[in-house]
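Welcome, and please open the structure in your viewer. We will go from stop to stop, with something to select at each one.

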Amino acid sequence: MIELKDVSKVVTSGSEQLTILDTLNLNVPSGQFLSVVGPSGSGKSTLLGLIAGLDAPSAGSVIIDGEDLTALDEDRLARLRGDKIGFVFQFFHLIPSLTAYENVLVPMELAEAPRPAEKAHRLLDEVGLSDRKHHYPSQLSGGEQQRVAIARALANDPAILLADEPTGNLDSANGRHVIDLLVDVHRKRKTTIVLATHDAALAARGNVILTLRGGRVDSLREISGDKETRAKPRVTASSPS
Amino acid sequence: MNFVFRMAGREMRASWRRLVFFFICVAIGVAAIVALRSVVQNIRATLVQEAKTLTAADVIVQSDRPWDDGTRAIMDQSLAAFPVTARTESIETMTMTAPADEDKEIATMIELRALQPAFPLYGDLVLESGRPYSHHLLENRGALVRPELLTRLGIQVGDGVAIGGQVYTVRDVIVKEPGQPLGVFRFGPRVLVDYDDLVRSELLGVGGRVRYQVLLRTDEASIDPLIGTLTEALRREYVSVRSYRETGDQLGRRLGRAEDYLSLVGFVIVILGGIGIWSVVGVFMRRKLKSIAILKCVGASTKQIFGVYLIQVVGLGLGGSVLGLGLAHLAVESVPPGVVVGLSMEDYGVTWSAVLQGVGIGVLVSVLFSLIPLMESRRIKPLLLLRQQMDRPAASGKKTGRLGTIDVWELAAAGAVLIALIALASWQAGDFEVGLMVTTSFAVVAVVLHLTGMLLVRAIEPLGRKGSFPFRHAVLGLSRPGNQTRMILLAVGLGTFFILGTRGIEANLLEQFRMELEDDAPDMFLVDLQPDQVTPAEERLMSLGAREVRMVPVLRARVTGVQGRDVTLQGYEEVREERRLRREFTVTYRDHLEANERILEGRFWDPTPSSEAEVSIEDDFQEDVGIQVGDMMRFDILGREVGARVTSIRDVEWDDARNGGFMFVFRPGALANAPHTFLGFVKAPLDSLARAKLQRDIVAEFPNVSIVDLRDILLTLHGVVEKLALAVTLVGAIALISGVMILVGSVAMTKFQRQYEASILRTLGASGKTVRRMVLLEYGTLGALAGTVGGLGAPLLTWVLCEHLFDVPWQPNLAWSLYAIPLTALGVTIVGMATTLDILRNKPLAILRAE
């Protein structure tokens, strides 16, 4: 499902070269819930960005569903994201000029999905925002905005859901609500989830925890999940020296 | 596609407030263009009317021979294809007249014109008695005469005059007569008689110069094809065909200048509107970074996103244009008819062509000026969403102060925009060269401003570590990535450039018009004074109240040969092949240059007379024929052969012909013995009674002299120039006001970029005073720099256009440029401060949350 081969990411800041990811190999089979943890700057967000095709690796290749992202141009990447990948950000990133309902509607309209209105309503009902559908993002609380963002991420029934610190800007009650939603999505829709967080308790809600340190794999730990998940192919990760 | 439209609609619904200014810019631009167009059209209509009055017809067909049946048949056949709505004939001839009372032993030359009932096809014949002109006044040997004739012959209305063996009764006196071309010397006073009376007389059979004319009225569009067809059909018949337009030359040149100016101002206002649009779209796109990144993240293609914003731009352009049409209509309606004398606005209405033109320009300019900022959307990477400070412009990834990577598409777009602007400017100014010049100067100033911005940022960057807190932050504000530096410099600099430039041209044109109006030109001419009459006539004229008298010797001359470096013409036959040389010239001799003359080459002679003939030629002969300084020319002056060496080449300002203009001027001495007469340039008394007495007394004393009174024509001309000057002033004011409004808006728009920083500083404890000082320094610097570049560039624009388009002497307005610098700085600072008030008054949290 998600495959990274010898992926490195180096950025130039002034005259210095900064290595964010250092020859990373990662394989996330379909249906897994991978939590990526590590201190700030360990490369978590960059990893998610590479998987979503928001960023290009300096070396190596990123393969999603058999398709090499490094070979695609911006527009093909955008279409691929629209079809296969949902993204939830720490800062929600709703389009401020659209209502909650319209924010959910947009990915479906772009993908020309059938009966998008009906589905947008259902998704918002599912995340518990039935009565706030026609509010603008600025009229919603952080937790509500993040739930709209999840509904939006699910709009095209993506095979992969990427969440970058989705609770980082929320209080604990709202954070729990959001994580419950993600776990629910994983369980009911069999969506492959990659969650970046530095909250150990949150990370433990996944099946596998990948710890990054200085852009390299520090450890990969499996958590006893349900029977179904255990039966699936394993997540593998390594950073050859 | 559906998505694109739906998304554009939603975006507009949410952000229309921020785009109101866009809307206003388009509206002002379109309103200005449409209003100016109607002013231009009305001026043109007024002057066309004047020009038609001068010929009394749309088209005149003229022949020196009576119309024979064959010619008439050809003419009728040719005219059948055109919508000729009126046709009348007249005959003009020069003849002598004398009082019917044979006791009075006096006779004088007159210009006789015989009219059919339909005359005049345009204009009114005004009579001294005040009664309307009717052809009945001419029937049964009636005559209408100019007042000079009465004074010259010592007769009154009701008396008889003998013309061609018949006696006509003077029935009234002509005050104003249509169908007399400007600036054409007359050989005697005009007398109008009936066509049939003249045909029945013996006059036409006796030889002498007779002109047979057919006057036609048709619609404007048919004039040129009609002339073409007639000229072709009658080419064997010694017939000339011309339209009223050729007669209106003197008016035409001034009208041309005023029209060019108005069109140019219209275009400049549109460009100013475009700058406003560009600044709004620039700011708008920066605020849309996040939305665009999100759209890309959820699967929108670059094309779709571009489409979403392009549709908004087109929609706003359309709406703004419609509002502009309304504004134009209101503006034109609300001008009281008395204010714009003579610019009758009754024809103005929102015509379909005006609507299409206005809307077309509005939308085109909206798209053109939005294109480059809109292309920023292509560069926005969805990766920004993973960063925290994402709605800061820095995230665009492009550093100000560095050229960055060259983007082929953006270059192509810039090229396309430039070409479209040149086309638009050429269309509006009606001239490709002008479009090119205006657009090029626009591009040059924009590049200079851009470089200035880059240099400024680089130069002050090191200062950001020293000095007081407001100073350091002002420096940081100017040099931080995604700042408003470039925007304000470009918008205000270009705005200042164009506003000052058009003001400069306005001042130059008005100066020219003022000179013409104040110009107390000679308004009466004495023709055919004999050399021995010069001194007594001068004395008599002064005693009769003339304000100034100048006597100029005139000779009739033909060129019979040129022996030159580049051109040799042996004898009259060869000279005749040279179009410019073949006519008979009126020449003069004098020892000085006139104010309207300038030596281009060679040297003008010393005042001492010389027996060896020297001649100074007009520069057309050098350009068109190739006659050079040092060449020998031969002239036939009333039968005497005179050889003269060309010693100088002159430029003559024909517009300023108060002292006459001569193609050939000779050195005094050689022609002293040649037969010649004098032409008197007289500034006659302004009082009409004194004027009449002067004419009467001069004619009585010097019966061989003809008097031509040009006062009426000069007054008409002055009236026209006054109207043009008024129109130019009005339009200049419109340009100034709308330009300043757009600039204020452009600067105010940048507040959206800086209120976030200001709010954070407020949150961190910066006092209102600190924030105000920062703004003062930032905006003051930008205003001063923009004012300097724009102000110094403006005289250049004025110079180029005065020289190449308006053909008026350029007078620099450097003082204006110098005032412009502090004024622009002050203006930009005040607007900056005013928009900051908002930030200082509101709680910072409100702004931070809204961000």
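Which residue in β8(A) does Leu162(A) stand opposite? Keep that in mind while you set up the view, and remember throughout that this is a predicted model.

**Stop 1: a sheet in chain A**

Select residues 160-164 and then residues 192-196 of chain A: these are strands β7 and β8, which pair in the parallel sense over 5 bridges. Now show the side chains, and you will find that Leu162(A) has Val194(A) opposite it in β8(A). In general, the strands of a sheet pair through backbone hydrogen bonds, either parallel or antiparallel.

**Stop 2: a hairpin in chain A**

Move to residues 2-13 and 16-28 of chain A, which are strands β1 and β2. They pair in the antiparallel sense over 9 bridges, and Val10(A) stands opposite Thr19(A) in β2(A). Together β1(A) and β2(A) form a hairpin with 2 residues between them. Click on Gly14(A) in the turn, where phi is positive, at about 65 degrees.

Then select residues 236-238 of chain A. This strand, β11, runs antiparallel to β2(A) and is joined to β2(A) by 3 bridges. To spot one pair, look for Asn25(A), whose bridge partner in β11(A) is Ser238(A).

**Stop 3: two helices in chain B**

Select residues 69-79 and 220-233 of chain B, helices α2 and α5. Two packed helices are described by the angle between their axes and the distance between the axes. Here the angle is about 150 degrees and the axes are 10 Å apart. Angles over 145 degrees count as roughly antiparallel, so α2(B) is roughly antiparallel to α5(B). The crossing of the two helices is right-handed.

Which residues make the contact? From α2(B) come Ile74(B), Met75(B) and Ser78(B), and from α5(B) come Thr229(B), Leu230(B) and Ala233(B). By class, this contact of α2(B) with α5(B) has 4 nonpolar, 2 polar and no charged residues.

**Stop 4: one leucine in chain B**

Staying in chain B, find Leu318(B) in helix α9 (residues 302-334). Leu318(B) counts as partly exposed because 15 C-beta neighbours lie inside 10 Å. Leaving aside residues up to four places away in sequence, Leu318(B) touches Val359(B) and Val363(B). Try the distance tool on Leu318(B) and Gly360(B): they are 42 residues apart in sequence and 8.4 Å apart in space, C-alpha to C-alpha.

**Stop 5: where the chains meet**

Finally, show both chains. Their contact takes 27 residues from chain A and 24 residues from chain B. On the side of chain A that touches chain B, α1 (44-51), α2 (74-84) and α3 (100-110) of chain A each supply at least two residues. Of the elements there, α2(A) gives the most, with 6 residues. Colour this side of chain A by class and you will see 12 nonpolar, 6 polar and 9 charged residues.

How values were computed. Residues numbered from 1 in each chain as written. Chains lettered and ligands numbered in written order. Predicted model: local features only at pLDDT ≥ 70, side-chain atom pairs only at ≥ 80, totals over all residues. Contact = placed C-beta atoms within 7 Å. Helix = DSSP H or I, 4+ residues; strand = E, 2+ residues; numbered from the N terminus. Nonpolar A, V, L, I, M, F, W, Y, C, P; charged D, E, K, R; others polar. Pairing = 2+ DSSP bridges. Buried ≥ 20, exposed ≤ 12 C-beta atoms within 10 Å, placed from the backbone. Axes fitted to C-alpha atoms, helices over the stretch in contact; angles between N-to-C directions. Parallel < 35°, antiparallel > 145°, perpendicular 65-115°, else oblique. Left-handed = near helix turned anticlockwise from the far one by under 90°.
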